Amino acid sequence: MTDFSEIRECLVGLDDSRLPGLISRALDAGAAPADILNQGLIAAMDIVGERMENGEMFIPEVLMAAQSMSTGVDILKPLLGDEGGSDRGRVVIGTVQGDLHDIGKNLVAMMMESAGLAVHNLGVDITPEAFVAAVKEQDANILCLSALLTTTMPMMKQTVDAIVESGLRDKVKIMVGGAPVTQGFAEEIGADAFAPDAGSAAKQAKSLIS
Amino acid sequence: MNLMGLQGGQYQPLTQDQVKTIHGAALQILETTGITYETGLEATANMLEAAGARVNRDEKRICIPRDLIEASVAKAPEQVVLCGRDPKNDLNLTENRVHMGTGGGTIKILDPDTGEVRATTLQDLHDVSRLVDQLDNIHFLVRPCIPTDIDEKDYDINMFYTCLRGSGKHVMSGVNDEAGLHKVIEMASMIAGSKEKLQERPFISVITSFAISPLKLCTQSTLIMQEAIRNRIPVALSSAPMAGSTSPLTMAGTLAQLHAEELAGVTICQLTNPGAPLLYGGIPGMANLATMGYCGGAVECGMMNAAIHQLSEYIKVPNYNSSCLSDAKLPDAQAGYEKAFTAVLNAMGGSNYIHHAAGMLESMLAVAHEQFVIDDEIIGNACKVLKGIEVDEEHLALEVIDSVGPGGNFMTAPHTMSHIRSEYYNSNGVTDRKSRDRWEAEGSLDARQRALNIAKKLLANQKSYITEEVDQAIRDRFNIILPA
């Protein structure tokens, strides 16, 4: 049993230059790549998410951790084979039509990637039809809708309705988020989940498909 | 983020001409009106007379000529360093360098468990000392409350002992009499290792309310002041007239009278022991005209305290004064805005040693644990203002503006990472900026409740700043009441 605490500390401490070396050392010592990923990198990002929720880490610091996380994943990817990817969640994410805000949505995408999900980021101002098409194409099991403006919140409902009409509703869980969005609104428009920030969005997404 | 000792002076309520006018008025007051004294200060009056003052013993009136004042004031040090037990807590009092800490003498506390008002105890004094020790923006500890549960004869030694045990920051307090002062110096010398080491790094200092406004020397406090000065223990020359009752109602008149009182005090001290360290201690206050009690939270207190610093700076003596008081009875919105106003005004004024700035309510009558935490945040914000806005190549950030380019974002730029923990004020945790959902999930706590929770956590950290060996020696020598 290898101890991955150093890898976790390195990621949480934003000491990214040391990470590749630590990963090679763990591999040399015979650790399974999947264990390095799950007990090292992903576990560290769980800590980062928690600290972000508590206000102890700022978003740019979280993003930095996420960046070093993906550097680590790149090292491990060729060694993981199928075991890392087959049962992962597949996420389609975008900002709804009429809304051009993307920072919050991008944060969610990054945190979900760091949590081990496959994320397809559509961008901003996405029509309901484009969301439906992407869910089909990506065989997504999670759809994330973002809105910052109170005036574009109704477009979330229209997008959910379009998913229902397309017959895909049973295959995909729908999450909504953005500054004015609340749990109550999510329930009202028939979404499956709401998350107030990027860290908890990633956590929620994982629990929706487990 | 260290926000202690930053240069204020950005706010100057008086023009240089007005400063000179008020200084001239104060000299005139001392020359023509003079000061009065009571039995017991004959030696002090004789000392002043020998130096050139006119003393009328029948009327107990002393008039001091301006050249004597100017010569005496010139001997007072321009810089006074009040030490902490650890040099990182040293206070470099000079120019417009700002330090803010607690103030003294409340007799009530909002009980942290029940919220009810009750009398303060020795244990309370220890608890608030522990809070002050751990709250970074509270720079020094002026004994904040009186242990009403012990005998008055044990006050002096036990108040200093309790503060020095619980906190590593500079400790200042008043004493009841000269004997009390001697005991306190002896105890502090035991902690320092010797009296010489204490004088070298004075981690205690004394407040003496030598003046009873208007223009009267308090016998007991003047004697204590002179005795501390003889021992080269730094003294704050406290005088606190209230505009409308013990000084003229107008701000300019209050400043002129108070400056005269301070000039008289500095003269007495420098005649007693030339070059001895002291703090100009003018605290311009206001009477609550509805009750004639002390009005703590008025915005004019912030204006006048900034102005009195200009007068102390004019004579080149570091100053001690007061801000961040409130007349509110609990840590409510009034406490927040009154404290924030006077705190930032006086900090921007450049006062060197601003006491009363943490923990107090009901003017100077009550303390509350949560208020220390909230005021730590207010002081931190006020001092952050003094840091100003840095404009240099690194802070202009042209390189990163260019590399990010139009339409990009700065969230992951290395430039962002290198300034993320230093460019903006870091909260002590009491300020809430969470989403409403999260805030509700955590119990919908207001600032007061959040502050109480922080205080509770801090008080769980136990620590004594007096070694066991010295503690035992002190207990063998004095009647120490706080359990070991």
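## Helix pair α6 and α7, chain A

In chain A, helix α6 (residues 128–138) packs against helix α7 (residues 153–165) at about 45 degrees, with the axes 9 Å apart. Axes here are lines fitted to C-alpha atoms, for helices over the stretch in contact, and angles run from 0 to 180 degrees between N-to-C directions. The angle makes α6(A) oblique to α7(A). Angles under 35 degrees count as roughly parallel, over 145 as roughly antiparallel, 65 to 115 as roughly perpendicular, and the rest as oblique. The crossing of α6(A) past α7(A) is right-handed. That term applies if the near helix is turned clockwise from the far one by less than a right angle, and left-handed if anticlockwise.

From α6(A), Pro128(A), Phe131(A), Val132(A) and Val135(A) meet Met155(A), Gln158(A), Thr159(A), Ala162(A) and Ile163(A) of α7(A). Contact means heavy atoms within 4.5 Å. By class, the contact of α6(A) with α7(A) holds 7 nonpolar, 2 polar and no charged residues. Ala, Val, Leu, Ile, Met, Phe, Trp, Tyr, Cys and Pro count as nonpolar, Asp, Glu, Lys and Arg as charged, and the others, Gly among them, as polar.

## Model and conventions

This is a predicted model: local features need pLDDT of at least 70, side-chain atom pairs count only at pLDDT 80 or more, and totals for chains, interfaces and linings use all residues. Residues are numbered from 1 along each chain as its sequence is written, chains are lettered from A and ligands numbered from 1 in the order in which they are written, and side-chain values use heavy atoms, with hydrogens and water left out. Helices (H or I, at least four residues) and strands (E, at least two) are DSSP runs, numbered from the N terminus.

## Helix pair α2 and α3, chain A

Helix α2 (residues 19–28) and helix α3 (residues 33–53) of chain A cross at roughly 135 degrees, and their axes come within 10 Å. That makes α2(A) oblique to α3(A). The crossing is right-handed. Leu19(A), Ile23(A), Ala26(A) and Leu27(A) of α2(A) touch Pro33(A), Ile36(A) and Leu41(A) of α3(A). The residues of this contact divide into 7 nonpolar, no polar and no charged.

## Two buried sites, chain B

Ser351(B) sits in the loop between α11 (333–349) and β21 (353–355). Ser351(B) is buried, at 0% relative accessible area. Buried means under 20%, exposed over 50%, partly exposed in between (1.4 Å probe, protein chains only). The Ser351(B) side chain makes polar contacts with the side chains of Asn319(B), at 3.5 Å, and Asn321(B), at 2.9 Å. A polar contact is a pair of N or O atoms within 3.5 Å; within protein, one must be able to donate a hydrogen and the other to accept it, and residues adjacent in sequence count only if both atoms are side-chain atoms.

Leu82(B) lies in strand β5 (residues 80–82). Leu82(B) is buried, also at 0%. Leu82(B) and Pro202(B) are 120 residues apart in sequence, yet 6.0 Å apart in space, C-alpha to C-alpha. Beyond four places in sequence, the contacts of Leu82(B) include Leu91(B), His170(B), Pro202(B) and Tyr353(B).

## Backbone notes

Asp125(A) is not a glycine, but has a positive phi of about 60 degrees. Asp125(A) lies in strand β2 (residues 118–126) and is partly exposed, at 38%. Arg232(B), also not a glycine, has a positive phi of about 55 degrees. Arg232(B) is in the loop between α8 (219–230) and β15 (235–239) and is partly exposed, at 36%.

Ser213(B) and Pro214(B) are joined by a cis peptide bond, with omega about 0 degrees.
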